Amino acid sequence: MTVCAACDNARTRRQRQRGFTLIEMAVVLVIAGLLIGMVAPLLGRVLENNRTAATLAHMEAIQDAIVIFVRANGRIPCPGQPEDTPLGDERRSAPNAPPSCTGNDQDDGIVPFRVLGLPEDTARDGYKNFFTYHVAEDFADNGLDSDITAGTGFCSETSSLTIVDENGDDLAPGQEVAYVLVSHGENGHGHYTAGVSNPTSVSSNSLEGENVINSGGTNDDDTFVNAAPLNEDVTGGPYDDTVRWATRDQIAAQVQEFGCP
C-alpha cells in the first residue's frame, strides 16, 4: 500500500466517524425535542396547579385571620387603601387599613395584611397580584358592639353584597354577605397595581368586569361574579377569576359555637 493510499484510507475512516457523530447528534436533538414537547405541557400544568393551590391556600388563611379579627373586635377589618401610601413605601400605612370604612368610599381595596397579622405574600394570589377585598360597610363599622349578638353588634347588620353566577343567579340567596375576596387570575384583569386597579384591560362585556373596582364609577357596585373559567372566544369571557366570600352567619358560627341568634 502506497503512502497516498494509506492517507486516503485514514481520511475515509475519519469522514465515516465524523458522519456517525453528526447522525448521533441529530438523533439526540430529535429525541430531546420530543421530550421537551412532551414535558413542557405537563410542566405548565404543574405550575398552574401550584399557582391555583397557592391562591386557595392564601384565601383560606385570610378568611381564618378575618374570623380571628372578628373575635377580637366584633367587626371585620376595612380594606387596605394602597393609593394612600405607595405599596413600595416602607411605612406601608395602606395595609394597616382605616379604623372605619362606613360611608367614606373605602369599602374596597386590598387585604389589610398587617392588621390581620399576615405576611404581605399571603395578601397576594399565586400570580403575585394583590387580592381585591370588598366589604359590606356596616360589618366593618368600628362602632359595632364587641359582643356580636348585641342589638348593635355584628349579627344585627345587613348587606347589599351579591354574588352571582354567569347566568346572573344569586349564589347566596337570603344571606348577608359580609365580604368578598377576588383573585384576578392569570390574566390579572382588574387587580391592584401601584394603588389603582386595571380596568382598561377588562372588556365591558366580560364577566370579569363585574369584579373590577375603582373603575371610574363604571362598575363600582356590590355585585360580584363567581363563574367557571371561560376563554376569550366565549360570550362573557375571558374569565379566570377565583372568588370567595363569607356571610354574616358563617362568620358568627366560627366566632362562637351558637352563631347569631
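A nonpolar core is a set of buried Ala, Val, Leu, Ile, Met, Phe, Trp, Tyr and Cys residues joined through side-chain atoms within 4.5 Å. Buried means under 20% relative accessible area, exposed over 50%, and partly exposed in between (1.4 Å probe, protein chains only). This is a predicted model, in which local features need pLDDT of at least 70 and side-chain atom pairs count only at pLDDT 80 or more, while totals for chains, interfaces and linings use all residues. Residues are numbered from 1 along each chain as its sequence is written, and side-chain values use heavy atoms, with hydrogens and water left out.

**Nonpolar core**
- The largest nonpolar core has 50 residues, and Ile76, Tyr179 and Ile251 have the most contacts inside it.
- Elements giving two or more residues to this core include helix H1 (3–73), strand E4 (177–183) and helix H2 (248–255); helices (H or I, at least four residues) and strands (E, at least two) are DSSP runs, numbered from the N terminus.
- H1 supplies the largest share of this core, seven residues.
- Not counting residues up to four places away in sequence, Tyr179 touches (heavy atoms within 4.5 Å) residues including Ile66, Ile76, Trp245 and Ile251.

**Disulfides**
- The structure holds two disulfides, each a pair of cysteine sulfur atoms within 2.5 Å.
- Cys78 and Cys101 are bonded with their sulfur atoms 2.3 Å apart, and this link is left-handed, with -90° about the S-S bond.
- Cys78 is buried at 1% relative accessible area, and Cys101 is buried at 0%.
- Cys155 is joined to Cys260, S to S 2.0 Å; the torsion about the S-S bond is about -85°, so this disulfide is left-handed.
- Cys155 lies in the loop between E2 and E3 and Cys260 in the segment after H2, so the pair ties together parts 105 residues apart in sequence.
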